[in-house]
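Here is a friendly first briefing for anyone meeting this structure for the first time. Please take a look at the sequence and the model before reading on.

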Amino acid sequence: MNKYTETFGIDISKDVFDCYGSLQGHIQFKNTEKGFHKFLKILSKDSLLVMEATGYYYYRLAQFLHHKNKKVSVVNPLSVKRFIQMRLAKVKTDKSDAKAICDYGLTQEVPLYNALTDTQSECLQLFRLMDSFLKKRTATKNKLHGEEVLGIPSKWVYRSLKRDKKHLDKELQGIEQRLLTLVKQDQQEQLTLLQSIPGIGLKTALFLIVVTDGFNKFETALQLCSYVGITPTIRESGSSVRGRSRISKVGNRKLRNLLFLCAFNACKHNKACRELYQRIVNKGKSKKLALIAVANKLLKQCFAIAKSGMPYDETYVSVLTLK
């Protein structure tokens with residue numbers, strides 16, 4: 001199955017990265033620029049380098065190797081975890097993890113890594129910072145409410161929390177503005193197209209473009225829905241197990257939450273989504289299930305609009321989403 005002369009599994013930590021080559025066995029290097037160059041020297045021309053997309057540590061090495069024209073694959077860590085569990089492995093060390101990743105690359109079809117541009121990299125960093133600040137602002141709001149419930153809140157505490165919330169509001173506004181500037185440089189047309197879909201706002205359109213690399217990461221709408229984690233999972237076995245169907249939730253949680261919020265607005269203003277929602281509710285299904293179906297529909301509409309380059313048209317969108 002593997003067409004490369006040698007496959008390396010790479011397990012990265014803060015200070016070092018452990019490599020296991022299908023021919024060379026285990027080698028360890030420092031997680032520094034100097035260590036990267038030492039690793040580069042032992043690689044043959046047709047080597048495949050497989051690593052997990054965990055934390056921040058993989059990114060520098062993946063970008064470095066890609067820019068040196070090496071074949072790199074960054075795989076979902078959950079896939080590797082399930083692969084290790086399937087083999088009933090009893091040992092877990094950095095060395096054993098590197099070997100497991102190597103075996104995974106040897107036996108599975110793994111996608112090749114596409115390096116991020118500077119703009120894409122900054123956008124992802126901005127979204128991570130935005131997510132962090134949003135959580136802090138929510139915590140601050142909750143704390144403010146808690147102090148108000150006391151009846152006689154400390155003026156000093158109350159003012160401090162107000163200042164903190166005001167600062168976070170200002171920072172979030174600046175992040176959104178910077179994101180908008182960056183996306184407009186490369187994807188202004190796509191940003192406009194996505195916002196033509198009733199229910200899709202600026203923030204969701206921005207996030208979709210950034211995390212999907214302008215929808216270039218996915219060939220079908222189903223792949224995108226699976227990535228976000230709003231595809232159904234079915235639990236049935238024999239005559240006794242009849243679990244309720246649920247969404248997989250194995251995907252981008254932030255994007256899933258944004259789409260779920262957009263679904264409320266889409267049920268009012270998006271004809272296709274409104275009809276879908278009413279049809280599901282009329283069958284006696286829960287409103288939450290109907291909203292999840294609407295979020296899935298919205299995502300398919302976004303994919304169709306982005307790939308076709310045509311603005312939203314309620315008379316044609318149902319045809320587009322079938323593609």
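Predicted model: local features only at pLDDT ≥ 70, side-chain atom pairs only at ≥ 80, totals over all residues.

Residues are numbered from 1 along each chain as its sequence is written, and side-chain values use heavy atoms, leaving out hydrogens and water.

**The chain as a whole**

- The chain's secondary structure comes to 12 helices and nine strands; these are DSSP runs numbered from the N terminus, with helices being H or I of at least four residues and strands E of at least two.
- Of its 323 residues, 41% count as buried, meaning under 20% relative accessible area with a 1.4 Å probe, protein chains only.
- Among contacts (heavy atoms within 4.5 Å) between residues at least 6 apart in sequence, 60% join residues at least 24 apart.

**The five-stranded sheet**

- Five strands make an open sheet with mixed pairing, in the order β3-β2-β1-β4-β5; two strands pair if DSSP finds at least two bridges between them.
- β3 (25–30) and β5 (71–75) are the edge strands, each with a single partner strand, so one side of each has no neighbour in the sheet.
- From one strand to the next, the twist averages 25°.
- Strand β1 (residues 6–12) pairs with strand β4 (residues 47–52) in the parallel sense over five bridges, and T7 has L48 in β4 as its bridge partner.
- β4 also pairs with β5 in the parallel sense over five bridges, where the bridge partner of L49 is V72 in β5.
- β5 is mostly covered, with four of its five residues buried.

**Two packed helices**

- Helix α9 (residues 253–269) packs against helix α11 (residues 287–308) at an angle of about 95°, with their axes 8 Å apart; axes are lines fitted to C-alpha atoms, for helices over the stretch in contact, and angles run from 0 to 180 degrees between N-to-C directions.
- That makes α9 roughly perpendicular to α11, a term for angles of 65 to 115 degrees.
- Residues making the contact include L259, F260 and F264 of α9 and L291, I292 and L298 of α11.
- The residues of this contact divide into 13 nonpolar, no polar and one charged; Ala, Val, Leu, Ile, Met, Phe, Trp, Tyr, Cys and Pro count as nonpolar, Asp, Glu, Lys and Arg as charged, and the others, Gly among them, as polar.

Technical notes: Parallel < 35°, antiparallel > 145°, perpendicular 65-115°, else oblique. Buried < 20%, exposed > 50% of the residue type's maximum accessible area, 1.4 Å probe, protein only.
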